[in-house]
Amino acid sequence: MTNEGDPTRAPESGVIPYISVVGGKVAVDFYKRAFGAEETFRNIADDGERLLHSRMIINGDWVMLSDHFSEMAHGDYRPP
């Protein structure tokens, strides 16, 4: 059985990447344009700007994404 066409089902095998970014909404738009991603779930932070969680399907598999929250235990984001 495949999960194609059913955004509520998790992939049946493999690893689901979870990406933390600065600029989550822009990142989701990029994945839509670049990879044909379909966003199936979005949860916005209380500030109305940052993404607490986004679930996308790319090529039949899930990719999860959220904004980086410096006020949490992770601290400030510093590019390598």
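User: What is the bridge partner of methionine 56 in β4?

Analyst: Methionine 56 bridges to valine 63. Strands are DSSP runs (E, at least two residues), as are helices (H or I, at least four), numbered from the N terminus. This is a predicted model: local features need pLDDT of at least 70, side-chain atom pairs count only at pLDDT 80 or more, and totals for chains, interfaces and linings use all residues. Residues are numbered from 1 along each chain as its sequence is written, and side-chain values use heavy atoms, with hydrogens and water left out.

User: How many bridges join β3 to β4, and which way do they run?

Analyst: Five bridges, and the strands run antiparallel.

User: Zoom out. What is the strand order of the sheet?

Analyst: β1-β4-β3-β2, an open sheet of four strands with mixed pairing. Two strands pair if DSSP finds at least two bridges between them. The edge strands, β1 and β2, each pair on one side only. Twist averages 20 degrees from one strand to the next.

User: And β1 with β4: parallel or antiparallel?

Analyst: Parallel, over four bridges. Isoleucine 19 stands opposite leucine 65 in β4.

User: Is β4 mostly covered or mostly open?

Analyst: Mostly covered: six of its seven residues are buried. Buried means under 20% relative accessible area, exposed over 50%, partly exposed in between (1.4 Å probe, protein chains only).

User: Which residues of α1 are buried?

Analyst: Gly24, Ala27, Val28 and Tyr31.

User: Which exposed residues sit on the face turned away?

Analyst: Val26 and Arg33.

User: What ends up in the largest nonpolar core?

Analyst: It has 10 residues: Val21, Ala27, Val28, Tyr31, Ala37, Leu51, Met56, Ile58, Val63 and Leu65. At least two each come from α1 (24–35), β3 (51–58) and β4 (61–67). Such a core is a set of buried Ala, Val, Leu, Ile, Met, Phe, Trp, Tyr and Cys residues joined through side-chain atoms within 4.5 Å.

User: What does alanine 27 touch?

Analyst: Val21 and Leu65, leaving out residues up to four places away in sequence.

User: Last one. Where does valine 22 lie, and is it buried or exposed?

Analyst: In the loop between β1 and α1. At 61% relative accessibility, valine 22 counts as exposed. Histidine 68 is 46 residues away from valine 22 in sequence, yet 5.6 Å away in space, C-alpha to C-alpha.

How values were computed
Contact means heavy atoms within 4.5 Å. Axes are lines fitted to C-alpha atoms, for helices over the stretch in contact, and angles run from 0 to 180 degrees between N-to-C directions.
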